[in-house]
Amino acid sequence: MTQIYEPKIGIEKAIDVIKNDGIVVFPTETVYGLGANAFSETAVAKIFKAKGRPQDNPLIVHISELGAVSKIAKNVPKAFFMLAEKFMPGALTIVLEKSDNIPDIVTAGGNTVAVRMPNHKIALELIKNSCPLAAPSANKSKHISPTTAEHVYEDLVGELDVIIDGGDCSVGIESTVLDLTTDVPTILRPGAVTAQMIADTIGEVLQNGKVIKVAKSPGMKYQHYAPKCDAVQANSALSAIAEYDRCAESKNPVILGLDDFCAEVGQRNTLSLGANAQEYMASVYNALHTAERNFDYIIIQKLYGDGIEDSIMNRVSKATGGREV
Ligand code: TXA
Ligand code: MG
């Protein structure tokens, strides 16, 4: 007889049912799930029968700890662990290469398997004390997904014995399904974990045929690191000299550069940025502070190179607004 149980008794009963290849309903943060031992073909067949679900629609395998993944999937890419660190437990399902331990009925004969760790105490406790659970949403095929135990009861009464009541589901729509077996990771079903959140974690993701990339660091669009007076970057000591002399009548300029650069500009105001790029990096902000306090026009040496020189020039070009002489 189908009954709704409060969590404590429900979990105990459900563990028993699962061990005997039966099916149970448990709450998750997204929607309620109809679960069975993911390693048992007999048990999983009962899910398809109770839901009236077509055999060609694969199921999600629910886990309670990351260690279980090695029994369910193989060749698990690094991206999985990067995403797991941020979104597991949570509303993100990830499609991986299937391990031979998982019966074909779970994956509808395909060679990939979907894995999710629900962010729900009851679900996690149930799985931890039984086994990974293959589980679709606990509704009749094609009907609306259930977010309360009562929704489940209306749809599936007579099809199973144990429904664990966890109250309302906090997220309320099914998990995001992300395929990591494709060249570019691809969202198969959108959910609470968005394409942008995924792209920000692993670099890029495909959704509706569109590639979404990692968001630029938000600070990049603002002008940062700017001194209070005008500043310009100089390609060479010669161009620094020309710029200095051009504006020296109306302004009080200063040249910031490495020691050899400063030596080349003769008897003009200078502030040293040290002997090499490393020292330039360590002293540039301090030099800009000093310069804006004591002068009103900054001419700063441009560095060339794609190591730290590039990082330094990223900041310097913010200070100069990219202006070059
Ligand atoms: O939030 C959820 O994901 C809920 C709770 C219970 O975890 N489960 C859920 O399961 O929505 P279901 O079966 O209703 O939807 C799973 C979706 C289906 O669209 C299915 O086709 C897809 O995930 N799916 C499962 N395994 C797959 C695989 N190996 N490759 C591609 N898609 C897969
Ligand atoms: Mg469903």
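Mentor: Let's start with burial: buried means under 20% relative accessible area, exposed over 50%, and partly exposed in between (1.4 Å probe, protein chains only). By that scale valine 69, at 2% relative accessibility, counts as buried. This is a predicted model, in which local features need pLDDT of at least 70 and side-chain atom pairs count only at pLDDT 80 or more, while totals for chains, interfaces and linings use all residues. Residues are numbered from 1 along each chain as its sequence is written, chains are lettered from A and ligands numbered from 1 in the order in which they are written, and side-chain values use heavy atoms, with hydrogens and water left out.

Trainee: Where is the place of valine 69, and with which residues is it in contact, leaving aside its neighbours within four places in sequence?

Mentor: Valine 69 belongs to helix α3, residues 69-72 (helices are DSSP runs of H or I, at least four residues, and strands are runs of E, at least two, numbered from the N terminus). Beyond those neighbours, valine 69 touches Ile63, Val76, Phe80, Leu96 and Val115, contact being heavy atoms within 4.5 Å. Its C-alpha atom is separated by 15 Å from that of phenylalanine 87, 18 residues apart along the chain.

Trainee: Phenylalanine 87 takes us to α4. At roughly what angle do the axes of α4 and α8 cross?

Mentor: Two packed helices are described by the angle between their axes and the distance between the axes. Here α4 (residues 78-87) and α8 (residues 195-202) have axes that come within 9 Å and cross at roughly 125 degrees. Axes are lines fitted to C-alpha atoms, for helices over the stretch in contact, and angles run from 0 to 180 degrees between N-to-C directions. The two helices are therefore oblique to each other; under 35 degrees counts as roughly parallel, over 145 as roughly antiparallel, 65 to 115 as roughly perpendicular, and the rest as oblique.

Trainee: Which residues meet there?

Mentor: On the α4 side they are Ala79, Met82, Leu83, Lys86 and Phe87, and these meet Met197, Ile198, Asp200, Thr201 and Ile202 of α8.

Trainee: And which residues are buried in helix α2?

Mentor: In α2 (residues 41-51), Ala43, Val44, Ile47, Phe48, Ala50 and Lys51 are buried. Their cover includes β3 (33-37), α5 (104-107), β8 and α7. Glycine 52 follows α2 and has a positive phi, near 70 degrees.

Trainee: Which residues have a positive phi although they are not glycines?

Mentor: Most residues other than glycine have a negative phi, and most peptide bonds are trans. Aspartate 21 has a positive phi of about 65 degrees; it sits in the loop between α1 (7-19) and β2 (24-26) and is partly exposed at 23% relative accessible area. Lysine 142 has a positive phi of about 80 degrees, lies in the loop between β8 (133-135) and α7 (149-156), and at 83% relative accessibility is exposed. As for peptide bonds, methionine 88 and proline 89 are joined by a cis one, with omega about 0 degrees. Proline 89 is in the loop between α4 and β6 (92-98).
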